[in-house]
Amino acid sequence: MKNLIKNYKIEIVIFLIAIILIVFNPNKAISGFKYAIKTFFNLFPIIVSVAYLTGYISEIIPKNVIIKIIGKESGVKGKILGGIFGTLMVGPSYAFYPFFAELINNGANVGVIAVTIAAWSIKIQWLPFALSILNIKFILLLNIFIVIYAFISGYIMECFLDRNQFD
């Protein structure tokens, strides 16, 4: 029972909050439940795709290759690769968190992963739309600051976190 509570404490808290909401406002609770089911089915294909990608990469790519490309010894090259990868990624970042955790468990540097996640906010696919609404100077400065922030956050994360903390 202790392990069950320890392993599922967030789910238990959410379940208790749901029960309290059902008691105090059942109509809103049912509406919220319907919205949650709809959101779950919208996200389900993405979650399954990322889970498959995570498993595929973990089985196909040897650990030493991951360490060589985006490991601690990759240095600035790994961070640049992470930044490029992050700007090209689409979809919700939270769906990829298990993927990033698997990469870290297989030897990826936490700084590279932090750069990847931070650079994700650039959204290259949305740049033409942003340029049509905002001016080029604004978009250029914003993306330069995002890149700078991504690299700074990568180096700061390396100072505070070690890959071994994810095991």
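Which helices each supply at least two residues of the lining of the second largest pocket? They are α2 (9-24) and α3 (26-60), helices being DSSP runs of H or I with at least four residues, numbered from the N terminus. The model is predicted: local features need pLDDT of at least 70 and side-chain atom pairs pLDDT 80 or more, while totals for chains, interfaces and linings use all residues. Residues are numbered from 1 along each chain, and side-chain values use heavy atoms, without hydrogens and water.

A pocket is an open set of points on a 1 Å grid, where a 1.4 Å probe fits, with protein on both sides within 12 Å along at least five of seven lines; lining residues have an atom within 4 Å of a point.

| Pocket | Volume | Lining by class |
|---|---|---|
| Largest | About 260 Å³ | 13 nonpolar, two polar, no charged |

Among the residues lining the second largest pocket are Ile14, Leu21, Gly32 and Phe33. In the largest pocket, α4 gives the largest share of the lining, four residues.

Helices α5 and α9 (residues 136-160) pack at an angle of about 125 degrees, with their axes 11 Å apart. In their contact (heavy atoms within 4.5 Å), Val76, Lys79 and Ile80 of α5 meet Phe151, Gly154, Tyr155 and Glu158 of α9.

How values were computed
Points joined across faces, edges and corners; volume = space filled by probe spheres on them. Nonpolar A, V, L, I, M, F, W, Y, C, P; charged D, E, K, R; others polar. Axes fitted to C-alpha atoms, helices over the stretch in contact; angles between N-to-C directions.
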